Amino acid sequence: MNNCEGNFYERIKNGEEKAIDELRNKLFPQISQYIKLNSGNDDDTKDVLAQAIVILWDLIIHDRLKLNSTICNFVFGICRNIWRNELRRRKNRGEMPLKEELIGEFEDDDNFIEKEIADVN
């Protein structure tokens with residue numbers, strides 16, 4: 001995800017819908033791979049990415065986003081957190097076991113979105 005070119009921030013801020021589609025298409029393969037490796041499928045990826053794009057759009061439109069990384073890494077982080085929360089919900093509903101290695105992977109990243117948003121304020 002090192003190659004995140006396209007001036008996505010400015011284009012989204014200016015209302016260019018094509019920028020959102022391009023960003024979604026660019027990120028889908030990496031996010032899909034991550035979600036599939038962690039008990040998900042393409043439908044899960046579409047849902048998670050859609051939620052992340054809405055969060056990103058809202059932050060940009062309301063001037064509440066200051067990036068400490070690339071916009072692609074930021075969106076990927078949002079997706080990771082959304083998916084982690086979904087896995088926990090599924091576990092709590094008894095739909096699936098939550099792998100211990102997945103829990104350990106995120107112990108230090110519990111408040112990623114909150115930290116990113118706090119940097120804005």
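Angles under 35 degrees count as roughly parallel, over 145 as roughly antiparallel, 65 to 115 as roughly perpendicular and the rest as oblique. The legends below describe close-up views of a predicted model.

**View 1. Helix α2 packs on helix α4 at an angle of about 40°.** The axes of this pair lie 10 Å apart. The crossing of α2 past α4 is right-handed. From α2, the contact draws on L23, K26, L27, Q30, I31, Y34 and I35. From α4, the partners are I71, C72, V75, F76, C79, R80 and W83. By class, this contact counts 11 nonpolar, 1 polar and 2 charged residues.

**View 2. Helix α2 (residues 17-37) meets helix α3 (residues 42-61) at about 135°.** Their axes are 9 Å apart. The angle makes α2 oblique to α3. Their crossing is right-handed. On the α2 side, the contact residues are I20, L23, R24, L27, F28, I31, S32, I35 and K36. On the α3 side stand D42, D44, T45, K46, V48, L49, I53, L56 and W57. The class count for this contact is 11 nonpolar, 2 polar and 5 charged.

**View 3. A disulfide joins C4 to C72.** The S to S distance is 2.0 Å. A search of the whole structure finds 1 disulfide. The torsion about the S-S bond is about 75°, so the disulfide is right-handed. Distant parts of the chain are linked here, with the two cysteines 68 residues apart. C4 sits in the segment before α1 (8-13), while C72 belongs to helix α4.

**View 4. Helix α4 covers residues 71-92 and is followed by G94.** The helix has 22 residues. What span should they have at 1.5 Å a residue, and how far apart are the end C-alpha atoms? The expected span is 1.5 Å times one less than the number of residues, which gives 32 Å for α4. The end C-alpha atoms are 32 Å apart, which agrees. After the helix, G94 has a positive phi, near 80°.

Methods: Residues numbered from 1 in each chain as written. Predicted model: local features only at pLDDT ≥ 70, side-chain atom pairs only at ≥ 80, totals over all residues. Heavy atoms only, no water. Helix = DSSP H or I, 4+ residues; strand = E, 2+ residues; numbered from the N terminus. Axes fitted to C-alpha atoms, helices over the stretch in contact; angles between N-to-C directions. Left-handed = near helix turned anticlockwise from the far one by under 90°. Contact = heavy atoms within 4.5 Å. Nonpolar A, V, L, I, M, F, W, Y, C, P; charged D, E, K, R; others polar. Disulfide = S-S within 2.5 Å.
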